[in-house]
Amino acid sequence: MEKLTNRSKVVSDKKMSFKERLYLPAVFKGMGITLKHFFQKKATINYPEEKREFSDIYRGRHVLKRDDEGRERCTACGLCALACPAEAITMIAAERKPDEKHLYREEKYAADYKINMLRCIFCGLCEEACPKEAIFLTQEIVKADYHREPLVYDKSLLVESVDNRIDVSKRQTPEVLAFKKDKTKRHNR
Ligand code: SF4
Ligand code: SF4
């Protein structure tokens, strides 16, 4: 069969020489590599005591955003779920009642919205698919757990709190930010 790369090596089954059977040259060679790395800058850090600075557009756990008036932006259109290659998103849509206008921005909203963080590959396609700027990935990492259930995040974990908003402006281009200021656009009303 034709080789795809030149990296493969032919393994020989020849008998080992006396020097090879001593293993000492191989041991010293290995120790030499260890010593070389000992004096180099470490690639690892002592997490969680030390933390790396994340990029402004790091793709961590999701947030479901509220608008300026504190209403949930998500309209349960399902586009994020459709775009998700890992099928990590599920939701149940509901119709907004007249006395719920202060809670939900659109006539339809997500009564239930879940993301399975064990399935998610943090690709960001849900963020790109959303027409309502309702879902964004954040710089926060998903905490590990011993069980599966707590890693299926529901609205209580995903929707941002009214008093503690998450700034996602750095994830958006200047053009998008300028567009959002234009109140003549229905998108911004
Ligand atoms: S980040 Fe990617 S994998 Fe995760 S929920 Fe969004 S679309 Fe799905
Ligand atoms: S988060 Fe966005 S794309 Fe997903 S259902 Fe809500 S409005 Fe639609």
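Helices here are DSSP runs of at least four residues, and strands are runs of at least two, numbered from the N terminus. By that count, this predicted model holds six helices and five strands.

Now look at the overall shape. The C-alpha atoms fill a box of roughly 90 × 40 × 40 Å along the principal axes. The radius of gyration is 26 Å, whereas a compact globule of 189 residues would have one near 16 Å. Buried residues make up 14% of the 189 residues.

Next, consider how the chain meets itself. Take the contacts with a separation of 6 or more: residues 24 or more positions apart account for 72% of them.

Go inside. In soluble globular proteins, nonpolar side chains tend to be buried together. The largest nonpolar core in this model has 20 residues. Leu 64, Cys 74, Cys 80, Ile 89, Cys 126 and Ile 135 touch the most other members. Three strands, β1 (62-64), β3 (108-116) and β4 (135-137), each supply at least two residues of this core. β3 gives the most, with four residues.

Pick out Ile 135. Setting aside neighbours within four places in sequence, Ile 135 is in contact with His 62, Leu 64, Cys 74, Cys 80, Cys 126, Glu 127 and Cys 130.

Finally, find ligand 1. Its surroundings consist of 14 residues. The closest are Cys 84, Cys 120, Cys 123, Leu 125 and Cys 126.

How values were computed: Residues are numbered from 1 along each chain as its sequence is written. Chains are lettered from A and ligands numbered from 1 in the order in which they are written. This is a predicted model: local features need pLDDT of at least 70, side-chain atom pairs count only at pLDDT 80 or more; totals for chains, interfaces and linings use all residues. A residue is near a molecule or strand if its C-beta atom, placed from the backbone, lies within 6 Å of it. The radius of gyration is taken over C-alpha atoms; the globule rule is 2.2 Å times the number of residues to the power 0.38. A residue is buried if 20 or more other C-beta atoms lie within 10 Å of its own, exposed if 12 or fewer, and partly exposed in between; C-beta atoms are placed from the backbone. Two residues are in contact if their C-beta atoms, placed from the backbone, lie within 7 Å. A nonpolar core is a set of buried Ala, Val, Leu, Ile, Met, Phe, Trp, Tyr and Cys residues joined through C-beta atoms within 7 Å.
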